[in-house]
Amino acid sequence: MLIYIVKPGDDIDSIASRFGVPTDRVIYVNQLDYPYRLAVGQALLITFETIISGRNVISNGFAYPFISPWVLGQTLPFLDELSVFSYGFTTGGELVLPALPTEWMINDAISEGTKPVLTLTPFGPDGQFSNYLIHRVLSDTAARNRLIRNLYETVLNQGYQGVNIDFEFILAEDRDRFTEFVRDVTYAVNELGYEVTVDLAPKTSADQPGVLYEGKDYPALGAAADRVLIMTYEWGYTYGPAMAVAPINNVREVLDYAVTEIPREKISMGVPNYGYDWKLPYVRGESKATTIGNVEAIQIAMRNDSRILYDETAQSPYFSYVNEGITHEVWFEDARSMLAKYRLVREYGLHGIGCWQIMQLFRNMWIVAQGDIEGMEII
């Protein structure tokens, strides 16, 4: 396979003819809608084989129980693990179940040879990460042990084949307690023959200040858990200025630090399956970007006759357009940016990737991983 960048005057039939591949395949792989318009600068994945599936890069994807069964079915053949998002807990250590049934997700994953993983999050009543809840449970031995026992029993009885611990905004004073909790959960889940992954904020130094970072001890957590997922995304985010969500240069800085503290074969690199649409100018405290899908981003570019550009430093596509007199800037992911991320995984010798999240199908993301990652051409 290769990646072709659309030039002025191109159309889908001429591109398919140029490479001697069926037009329908180009349409399918790139999720093009009738009448199959193209945007100048758009990255098209051109595949020379009919059957495109598999697990060439070890991949985990997060999904809420309200995911479309069709989207899940399209994605599972590429996933080693499906992280079901999410289970909560009370201050007493009782598990709080997801609002919707998860049994069908577990069964579908197992049928496809994908491991279903229980994701544990400390969400408060407002639906946000609660360091108060974390502190209460980690400071109460009985509640902490009850939570671990409930996790063990749920994995045993519900068919899960692993646990993902996604705690954010941990207080600095709870840093060691959190490490001990992860170690004890890992010990319990390992008894069942399964693994535990802990999610880490993207640190670049051991003493990095901030509530996202101070409660996460990289080397200790790397030793306590079977694997870690570093959340290398959200540089461009809802309330920040317009920029790439996961710029390669920033991701590389995080990995440079991480591999000095954690065995690289235990590390999965986080990748985003979304982009943002910002209104300009950006005003701190007032501006708010709109979250969009990667396929949706291309459709926005087409509707506005925008030329898609590519930032070589960030290794990310972007474009701008004007609507009702307001300038917008859009950053998203495409086949090129995903190839750059897979190459980073290979370069650093990491375990694989963790995708936040798989609620919208982005077929390019998964198919690119099945190609020659080092040698794939972009023309």
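Reader: Which side chain does D217 meet in a salt bridge?

Author: Happy to start there; this is a predicted model, where local features need pLDDT of at least 70, side-chain atom pairs count only at pLDDT 80 or more, and totals for chains, interfaces and linings use all residues. Residues are numbered from 1 along each chain as its sequence is written, and side-chain values use heavy atoms, leaving out hydrogens and water. A salt bridge here is a side-chain nitrogen of Lys or Arg within 4 Å of a carboxyl oxygen of Asp or Glu. D217 sits in the loop between β8 (195–200) and α8 (218–224), and 42 residues separate it from its partner in helix α7 (residues 175–191); at 3.2 Å, N to O, that partner is R175.

Reader: Is D217 buried or exposed?

Author: Buried means under 20% relative accessible area, exposed over 50%, and partly exposed in between (1.4 Å probe, protein chains only). D217 has a relative accessible area of 13%, so the residue is buried.

Reader: Which residue forms a salt bridge with R252?

Author: R252 is partly exposed, at 29% relative accessible area. The closest N and O atoms of the pair are 2.7 Å apart, and the partner is E347.

Terms used
Helix = DSSP H or I, 4+ residues; strand = E, 2+ residues; numbered from the N terminus.
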